[in-house]
Amino acid sequence: MTSSTPAKLILEDGTILEGVSCGFHGSTSGEVVFNTGMVGYPESFTDPSYKGQILVLTYPLIGNYGMPSWEKSKENIERFYESSHGQIQGMVVAHLSLDYSHWNAKQSLSSWLVEQKIPAITGIDTRALTKRLREKGVMLGKIVVEQDVVLEDPNIRNLVADVSIPQPVTYENGKMRIVVVDTGCKNNILRSLLARNVTVIRVPWDYDFHALKFDGLFLSNGPGDPKQCTATIAHLRKAIDKKIPTFGICLGNQLLALASGADTYKLKYGHRGQNQPCIDTRTGRCYITSQNHGFAVDTKTLKSGWKELFVNANDQTNEGIMHESGLFMSCQFHPEATPGPTDTGFLFDQFIEMVKQHERKF
Amino acid sequence: MKPKKVIILGSGALKIGEAGEFDYSTSQCLKALKEDSIQTVLVNPNIATYQTSAGMADRIYFLPITVDFVEGVIKKEKPDAIMLSFGGQTALNCGLELERKGILDKYGVSVLGTPIKAIELTEDRHLFAKELQSINVFVPKSKAAHHAHDALAIAEEIGYPVMIRVAFALGGKGSGVAHTKQELQRMVDEALTSSPQILVEEYLGGWKEIEYEVVRDAKDNCITVCNMENFDPLGIHTGESIVVAPSQTLSNSEYHLLRETSIKVIRHFGIVGECNIQFALDPRSEEYRVIEVNARLSRSSALASKATGYPLAYIAAKLGLGYSLPELQNSITKSTCACFEPALDYLVIKIPRWDLHKFKQVSKKIGSEMKSVGEVMSIGRTFEEALQKGLRMLGMGYKGLTGNDVELGDLAKELKEPTDERIFAVVEGMQQGMSVAEINKLTGIDPWFLERIRMILVVEAEIRKEYQHAGKLSAPTLLKAKQYGFSDYHLGRLVAKTELEVRELRKHYGILPSIKQIDTLAAEYPAQTNYLYLTYHGCTQGCHHDVAPLEQKNKSDKSMLVLGSGSYRIGSSVEFDWCSVHCALALQKAGYKTIMLNYNPETVSTDYDTSDKLYFEELSFERVLDIYELEQPEGLVVSMGGQIPNNLALRCHKAGLHIIGTSPVDIDSAEDRYKFSKLLDELSIDQPLWKELSTTEEAIKFARKANYPVLIRPSYVLSGSAMNVVFHDEELALYLEKAAKVSAEHPVVVSKFEVNSKELEIDAVGDHGKVVAWAISEHIENAGVHSGDATMVLPPQHTYLETLRRVKHITEKIAAALSITGPFNIQFLAKDNHVKVIECNLRASRSFPFVSKVLKQNFIELATLCMIGKGKKIALSNLDLDYVGVKAPQFSYSRLKGADPLLSVEMASTGEVGCLGKDLHEAFLKAVLATGLTWPKKGILLSVSGDENRYKLLDHIRKLADLGFKLYGTEHTAEFYSSHGIQIKMLHKVHEKTEPNTLTYLLHGKIDLVISMPKEYASVDSGGTKIVRRAAVDCNVPLINNIQLAKVFIDAIADKKMDDLEIKAWEEY
């Protein structure tokens, strides 16, 4: 019943943690990061922003409610996942629940990991591991089951290219047309936009959307270092010049900042969880947000006309920017949630409102 | 604008449904206000609480939390604001009444935090449902009824079974499921006596029960601090359920659907501060219903606070003052913001503690009404680890999930109809081969939880198997066993080893627990506080301690480990927490680093800022040794937390731990009834005729010789477990058997029971055998009533000086003989200046906070100083105080259906109050009014068994008649007093069904006091008066059930008027 294939988690700094293989029996390497959310592992595991990362979950009991089906909505979007397959490089947990109980579950997490070919390790003191990552910063690591692998840094690759779509896809659902630049877009961003009766034209990360007719531009989340997305940034600069109403999330926030001339940097251990407080600088209100990012916008480098839209109330890092024209805004956190709190879903409404006010076809 | 002076209402005596959690919440509130330099006035008659300690509030009133008294305090103190959310339902109800009567307006007192309007909307179930429907939040189909016929019609419409809920009630009192019309009729009649309105609802049995703790500030920032999932499905009151935090079986979509709904609700009502929302969630879809909103701090919020480390009550108080969440700091990290939602990297399990076996004739079934008297919280990295810890923490002798001596009836029935021991029925079912699916079907418990139980059984089988094959335990198996929460003792039983042998083996293998910290952010930010637990998950590759166990770098640091009191239960509650906290504070003041060990989430001792380190862990021999070895403290304090730590004294001493204060060998001499009785004989101190027995025959022979009644007393017990007065041979044999079950290891002593004696108690502090402080109290009730249930008077008002001198002299002799250092308590029988010792406890007693506060001398601080060699003698006079203190018990009989509300040698009260007055009558009246007695205005019903009793009360009944009270009596009682020329109307007994009937009069509010008692010292209801007492309790009519008590009460109301009861703060006495 219990798998007893030993597995090791080996970190860049030489730390070796021994556990048991609980997913695909294979080895893998990636950037080791931790997430403090207590629910939402199916959503996290299929979030393209985790591309190249070995995810440590700090909540010790994972898999309790199994994994849902791959059922799709009429728009051909997976109903219960954030993309069409598992995105994480590997998984590290304290206790994987082999049994599960939920009306919506179709299989156990363990069998899902096997199916998705994702190596995983259980039996790890994830708290001790998290403290190490907090103190030393995120680092490379590998899960080793039998065959060893070499450590590879995913951030030197253009991860966005790996997770974007090959061809544009259009989801007809209304008169207003929004171009979504897919740099690793989560399904719930599409669902959130479609729920507001707009047509979504989802384009690849390096696609020149200026040839299209549309009303507003949306920049999605995505993995890795934003500076790798040179093509996207170039298209974005042009969009800014053309005053196209734009809203970005997560990587989108960083790309908008880079396009506006500001700079980004890598955080020591990032923000990954569902409990990050962010203050809206317009109102002083504080919202609980869902986050998953390793890079951040350097507020000090914002050019004139740009200001901070949201600030992290814990460490005062940037959580969003806006332009004084009211045409461009972005947030570092995930208003689309899944996983996480839904408090900031209103930003999608504000985006639609923004597009309406500047209605004109580009 | 911030207020200058705020009045805070406490929650009064501890009762079922409203316990120690409000000491925690009000204490945090007072701290929060103090930081802002706001003057505080506290009204709370619960003298044993930490919140009523000197310096906590600027003014403390030990007065009943009723409109009359609170208005008096407002009139006198002129506060500009009031806080109602910290003292439970008692404070909230009083606040609502103050508002309705226009008193708050009249004195210009504004309500801080949640507005009254919002409270009213959440408290009236009909308005509440209407409000939620208006914002498209689902509530159970339901309608309000004010009359029985409405209720029946609604039930027809919704369809049976239906759920009955009572408005304005704490702990769901009067609520229940009605399957038939007849059942409904009966429940409705009863519910409508205590509440003007009830609700008939759609029955959601089998749905998951989920709670959220939600916080909102005046700027509309909202957070949910914690969610919790009930192990037991809906239908069992959340106070009766095993509860897990965070939820374990909810998906992201369910978790955040309910979270979003919670925030929508708190916004709609405009709550400022904290509120608790209870949901029902369909286990087969995402359908939900909002079941309840509590717009105040609650038991669940106390649990959430301890479960997450988020100081809910403190934050709620700050929000009440107008602060916004982002302005406040996370007090654990001291760097991040308080506007966040804690991320846990562990889980907690709360298990209720019941004491149903203490009440004869009480059903063991649990349901939608609360019956539990306390709770424990266990922390672990897995459900299995936490569950087994939690079951041991209950202090009921459970070894864990298995290996317990639990008597179960028909298994299918036990599974289907939950009792306080259902979890063991689940175990039994699995051991008998039932599948998880079958048990899920019978119990409604989610399969995920059942699988966890099954896994513990699987591991137990592995242990047995390995032992059978290899004759010992291998390191991997032992580690696994520890990770699954097995104790060394339990493992020892499985592999024929002693607890210490298993411990040695474990250490030999290097299997040791790791210290983990609760930090609110799952290690994302470093924590600055030492809120700790131990786990075996984290010791696979050497232990990863979050906090260095021993500050080696600073050798001058001396630390002390204080053992707390464990779960609140009958006989041990908030008073021992008061003692533990004050001991820790005194140690801190003396320069020690303090380490607190306790696991009761309803306490102040488990606030992480009470001590330098808090271990939220088991109070077991194994865990004390673990922590002692890790921390290497200079000493161990066992005398503050009541009987649980006291019982560990001798074993810890033998294991080489340094116990400060009285030597454990001497503690044993007092606890062991045989040794103690022998000691008294040696000291020529009189005691009731006694004998240690080995056989029932011997006992019977002795009892006959001593002339019944006799008292049976096992050793090492608190609250008189299995203590009984028996009158004949059969009873004796029966109770001896019961006593042997309670404490098999310790001998049982039978002694002559002295009737018509007075009982006195001394609470004292010893310093190497010298008594340095003492306080003698007398009981109003004659001996035979457990001291925890007795009404105590300090200083004694009706005791000869000679008697007091003798008491003091004997105390000095015993203190010297046992070379007592620290707190102790001795109980005496007194009759005509003859004094006999009946009991001696070399630890803090229940009455330490009472005597400390009445005498304004902290006995615990003094005792602590003696224990660390810094004692001093206090010049303290007990006898010429200008005022009197009275401590009165609080009973929770209305929650314990079927129990006879009777006083006996076994304790039954759940809490107490203590009030001050210029004389006995004033203090007494305040105290009894604070326990729910009301001043009779209409009629008084008498139902007294036996002419001897009736005669004893004759003069006083005449006094009542003279005072103009309308008197009623049951047949013989009425006959007796009529024949003595007293006007009294005869009422038929309840079961006689003829009018004029007692029940009709009780139901129709014609009677506002019942005086009823069986023959004195009778262990069973000899005269059939139980039914009257029960009817009084069920109809919410105050009851006096003791002759001496009745006399004092009648004298007091003859002597005083309501206006004579002075509004006077503690500081003014």
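Mentor: Start in chain B, with helix α14 (residues 422-431) and helix α16 (residues 447-470). They pack at about 60 degrees, and their axes are 10 Å apart. (Axes are fitted to C-alpha atoms, for helices over the stretch in contact; angles run from 0 to 180 degrees between N-to-C directions. Helices are DSSP runs of H or I, at least four residues; strands are E, at least two; both are numbered from the N terminus.) This is a predicted model: local features need pLDDT of at least 70, side-chain atom pairs 80 or more, while totals for chains, interfaces and linings use all residues. Residues count from 1 along each chain as its sequence is written, and chains are lettered from A and ligands numbered from 1 in written order.

From α14(B) come V426(B), V427(B), M430(B) and Q431(B). They meet L450(B), I453(B), R454(B) and L457(B) of α16(B) (contact: C-beta atoms, placed from the backbone, within 7 Å). By class, this contact has six nonpolar residues, one polar and one charged (nonpolar: Ala, Val, Leu, Ile, Met, Phe, Trp, Tyr, Cys, Pro; charged: Asp, Glu, Lys, Arg; polar: the others, including Gly).

Stay in chain B for G320(B). Its place is in helix α11 (residues 312-320). G320(B) counts as buried because it has 27 C-beta neighbours inside 10 Å (buried is 20 or more within 10 Å, exposed 12 or fewer, partly exposed in between). Leaving out residues up to four places away in sequence, G320(B) touches M83(B), L112(B), G113(B), V272(B) and G273(B). The C-alpha atom of G969(B), 649 residues away along the chain, is 51 Å from that of G320(B).

Two loops of chain B hold cis peptide bonds. One joins Y160(B) and P161(B), with omega about -5 degrees. P161(B) sits in the loop between α7 (148-158) and β7 (162-166). Another joins L794(B) and P795(B), with omega about -10 degrees. P795(B) lies in the loop between β29 (792-794) and α27 (801-817).

T232(A), H235(A), L236(A) and A239(A) are buried in α6(A). The buried residues of α6(A) fall within an arc of 105 degrees seen down the axis, so they line one face of the helix. On the other side of α6(A), T230(A), A234(A) and D241(A) are exposed. The cover over the buried residues of α6(A) includes β13 (177-182), β15 (216-219), β16 (246-249) and α7 (251-260) of chain A. Just after α6(A), K243(A) takes a positive phi of about 55 degrees.

Helix α7(A) is mostly covered, with ten of its ten residues buried. Among them are L251(A), N253(A), L255(A) and S260(A). Just after α7(A), G261(A) has a positive phi of about 105 degrees.

Last, see where the chains touch. The contact takes 44 residues from chain A and 46 from chain B. On the side of chain A, α3(A) gives the largest share, six residues. That side has 19 nonpolar, 17 polar and eight charged residues.

Note on methods
Contact = placed C-beta atoms within 7 Å. Arc of directions from axis to C-beta.
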